[in-house]
Amino acid sequence: MALQWMILTYVVAAEAALALLLTLPSPKAVKTRLVSLVSLILQPSMFILPFSGFQLLDLYWKNEHRLMCTGEICTAAERDRYEKSIYKAQRNVILCASACLLYWCIYRLCKYYKEIQSMEEVEKRFKDQ
């Protein structure tokens with residue numbers, strides 16, 4: 001079960017690195033190449049949205065069917081294990097949400113940059129006339 005969370009962690013780290021690269025100031029030629037490369041990567045990497053959604057549904061189902069450990073019959077070890085599982089579930093929800101949010105941010109950054117490029121081209125054509 002930990003493999004899916006490791007994959008999601010690596011994807012979130014890669015998305016964060018891409019978002020950082022897209023927001024850092026850089027020369028126009030480098031930025032243009034970077035945006036075109038990221039735009040090509042965005043379509044196949046859209047798998048992260050349904051994958052994260054499925055993981056969120058799995059977490060919700062597990063949370064609804066989890067045995068509660070709040071009474072006097074629970075030992076300290078059982079209570080610790082229960083709290084640890086709650087913390088892991090909360091961490092995984094944050095991981096899924098951040099994967100979706102970072103994907104959306106990268107998509108919007110690329111789209112804004114392409115719109116700016118097209119506006120600059122239109123402005124250049126009007127100046128040339």
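Modeller: Here are some questions and answers on salt bridges and cysteines.

Modeller: Heads-up, this is a predicted model, where local features need pLDDT of at least 70, side-chain atom pairs count only at pLDDT 80 or more, and totals for chains, interfaces and linings use all residues. Residues are numbered from 1 along each chain as its sequence is written, and side-chain values use heavy atoms, leaving out hydrogens and water.

Biologist: How many salt bridges are there?

Modeller: A salt bridge here is a side-chain nitrogen of Lys or Arg within 4 Å of a carboxyl oxygen of Asp or Glu. Asp58 and Lys62 make one at 3.3 Å, N to O, and Lys127 pairs with Glu123 at 3.8 Å. By that rule, the count is three.

Biologist: Which residue meets Lys28 in a salt bridge?

Modeller: Lys28 sits in helix H2 (residues 28-42) and its partner in helix H4 (residues 76-128), so the pair ties together parts 92 residues apart in sequence. Helices are DSSP runs (H or I, at least four residues), numbered from the N terminus. The N to O distance is 2.7 Å, and the partner is Glu120.

Biologist: How many disulfides does the structure hold?

Modeller: A disulfide needs a pair of cysteine sulfur atoms within 2.5 Å. The sulfur of Cys96 is 7.0 Å from the closest cysteine sulfur, in Cys100, so that's too far for a bond. Cys105 is in no disulfide either, with the nearest cysteine sulfur, that of Cys100, 11 Å away. The number of disulfides is zero.

Terms used
Helices (H or I, at least four residues) and strands (E, at least two) are DSSP runs, numbered from the N terminus.
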